[in-house]
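This report looks at an aromatic cluster, a helix and a surface patch. Begin with the structure itself.

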Amino acid sequence: MKLFYSTDEVCGHLGIPKTTLEYYLAEFKLNIRKAGRSRKFSHKDIEKLQRIVDLIHKEGYTLEGTKEQLRQKAKTEGEHEEVLARLREIRNSLVFLRDGIESHN
């Protein structure tokens, strides 16, 4: 499995022309790593682009609608992270209490 992919490989995977890819990179302000003058796309970069392409080409969203969907997804993911962090804290407290009870028995 490769770590990085070229622009041609990403365009082939997404099924879009280079001009469309360049437009999406600019429109959605995606900062892609460069090696010299060539972009090198990570798996995470490709996942973001795939989501954009799916929203626009398959689900029929406008550019603004796509941006809103991406913002909502980011907000939801942030909320999930907060819940997970709180659950970890609760778990640690419960383990601490359990260990304290077991040491007194």
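## Aromatic cluster

Tyr23, Tyr24 and Phe28 form one aromatic cluster. The model is predicted. A search of the whole structure finds 2 aromatic pairs. The rings of Tyr23 and Tyr24 have centres 6.3 Å apart and planes at 55°, so this pair is tilted. The rings of Tyr24 and Phe28 have centres 6.2 Å apart. Their planes stand at 75°, so this pair is edge-to-face; the cut-off for that class is over 60 degrees.

Which members of the cluster are covered? Tyr24 is buried, at 5% relative accessibility. Phe28 is buried too, at 12%. Tyr23 is partly exposed, with a relative accessible area of 43%.

## Helix H4

Helix H4 covers residues 63–104. How far apart are its end C-alpha atoms? They are 62 Å apart. At 1.5 Å a residue, the 42 residues of H4 should span 62 Å, so the two values agree.

Gly65, Thr66 and Lys67 are buried in H4. Helix H2 (18–27) and helix H3 (43–58) are among the elements that cover the buried residues of H4.

## Nonpolar patch

Val83, Leu84, Leu87, Ile90, Leu94, Phe96 and Leu97 make a nonpolar surface patch of about 690 Å². One of these residues, Leu94, lies in H4. Is Leu94 buried or exposed? Its relative accessible area is 52%, so Leu94 counts as exposed; the cut-off is over 50%.

An α-helix has 3.6 residues a turn, so residues three or four places apart point the same way.

Key
Residues are numbered from 1 along each chain as its sequence is written. This is a predicted model: local features need pLDDT of at least 70, side-chain atom pairs count only at pLDDT 80 or more; totals for chains, interfaces and linings use all residues. Side-chain values use heavy atoms; hydrogens and water are left out. Patches are made of residues with over 30% relative accessible area and no salt bridge: like charges are joined within 9 Å, nonpolar side chains (Val, Leu, Ile, Met, Phe, Trp, Tyr) within 5 Å. Accessible areas come from the Shrake-Rupley method with a 1.4 Å probe; for residues, only the protein chains shown count as cover. A salt bridge is a side-chain nitrogen of Lys or Arg within 4 Å of a carboxyl oxygen of Asp or Glu. Helices (H or I, at least four residues) and strands (E, at least two) are DSSP runs, numbered from the N terminus. Buried means under 20% relative accessible area, exposed over 50%, partly exposed in between (1.4 Å probe, protein chains only). The expected span of a helix is 1.5 Å times one less than its number of residues. Contact means heavy atoms within 4.5 Å. Rings of Phe, Tyr and Trp (its six-membered ring) pair if their centres lie within 6.5 Å; planes under 30 degrees apart count as stacked, over 60 as edge-to-face and the rest as tilted.
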